[in-house]
Amino acid sequence: MNYNQLSKKQLDQALSAARKKYNALLKEKLNLDLSRGKPTSEMLDLSMPMLDILTGDFTSPKGYDYRNYGIPDGIPELKEVIADVLDVEPDNVMVGGTSSLNLIYDVVTRAYCFGVCGATPWCKLPKVRFICPVPGYDRHFAILEQFGIEMIAVPMDDNGPDMDMVEDLVANDQSIKGMFCVPRFSNPSGIVYSDSVVDRLINMKTLATDFRIFWDNAYCVHSWYPDAPKLKNVFKQNVNLDRFYMFFSTSKITFCSGGISALIASDKNLQSQRKLLGIQTINYDKLSQYAHAMFLRNADNVKAHMAKHAEFMRPKFDLVLSTLKKRFEDNPDVKWTQPKGGYFFTVTTAPHCARRTIELCRKAGLKLTDAGCTHPLHQDDMDSSIRLAPSFASLEELEEGLEVLCCSLEIATLERRCSGEKNSNV
Ligand SMILES: Cc1ncc(COP(=O)(O)O)c(C=O)c1O
């Protein structure tokens, strides 16, 4: 329904009808959490054979006993698998612990305390700023907030961040030391950076020589449709190789709480990271690394494994897309992204309707990520961005949840339209 075409009286009628529907939904007593991107138990079951893969012999083909101390930056067998998946050199892979977010935090901490490759530590600078494409990942923003790093929100479209704005900022501001990107199936919009955006990120001039892009490639192999867009490889262009810290994670390939993370970076960057890591730890969990190497094996096998994940995810993505299309196709007040992979959708409401929608959902038993979380310091000035994470629900639950979401969206939008201004309470 296009609300633009309705008279005031028709808008009022549509609002009463939506409220009636909502009151009926309240009686259903839904209890569903679509706030975080989590795989289902069935998806985790796909990796159970990995837990039986280490049988008796923990000595690698090269003679290391992986039960013992050593090899802080990761075992060669796993570096080869990760390098194959990402089409990079194994020497440019440093394997971390269970969490890529933890690895990102460590890399920020190292830059803050010790500086990037010999540059002044960020803690000694009067101001450090980061570019944060929005909508973005709340946990990235939380790290920067904790370190007192100023965040500059840059809007994104279907191709990635607004590159005119990014180029202008980094060319003129020495205090801009970094940028966060989730370049494939972005959290939360699900978009994939276009080749042209990636080229501009690689080639842009930065005033700060220690500027780094935190290229969080958490969803690099998480395509659910055959026509999912590919991401250009930033390490293949041979330009500004030191600019990128790429992060990889198997949390959503094997196990969220027992996966493997990796940092992929230039020789110079990794040399510096290894030196600092050598003080921090003697090694990460090499037994898990060895199990991952044997289970994942190579890029083709990872692709086949992720095709099984896609069987679970695709019907949910289809359901979200078909439901939103059915309900809001003709309604310019509600827009949504159409990701071909990853874990998230962004629903964009009319201005000042997101918080109200999320609140209405909560009262009807549907938990969504908090309003504003897609923006630094929770400052979504337009109050229009909603992150939707449909992965954990069953199809039946998701259908019920989407009904609540759509009804709440209708109410929040119609309330604005009818009152002209403030949303009221149901
Ligand atoms: C973009 C992004 N990076 C990192 C993570 C966390 O990954 P890990 O489990 O490896 O810490 C997530 C989890 O949702 C994510 O969406």
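The model is predicted, so local features require pLDDT of at least 70 and side-chain atom pairs pLDDT 80 or more, whereas totals for chains, interfaces and linings use all residues. Residues are numbered from 1 along each chain as its sequence is written, and side-chain values use heavy atoms, with hydrogens and water left out.

Tyr66 lies in the loop between helix 2 (41-45) and helix 3 (76-86), and Tyr290, 224 residues away, lies in helix 9 (residues 286-296). Helices are DSSP runs (H or I) of at least four residues and strands are runs (E) of at least two, numbered from the N terminus. Tyr66 is buried at a relative accessible area of 2%, and Tyr290 is buried at 8% (buried, under 20% relative accessible area; exposed, over 50%; partly exposed, in between; 1.4 Å probe, protein chains only).

The rings of Phe130 and Phe180 form a tilted pair, with centres 5.7 Å apart and planes at 45°. This pair joins strand 3 (residues 129-134), which holds Phe130, to strand 6 (residues 176-181), which holds Phe180, across 50 residues of sequence. Phe130 is buried at 0% relative accessibility, as is Phe180 at 4%. Ring pairs connect Trp122, Phe130, Phe180, Phe214, Tyr245 and Phe247 into a cluster.

Lys38 lies over the face of Phe392, 4.6 Å from the ring centre, and Lys252 over that of Tyr343, at 4.8 Å (NZ of Lys or CZ of Arg within 6 Å of the ring centre and within 35 degrees of the ring normal).

How values were computed: Phe/Tyr/Trp six-rings, centres within 6.5 Å; stacked < 30°, edge-to-face > 60°.
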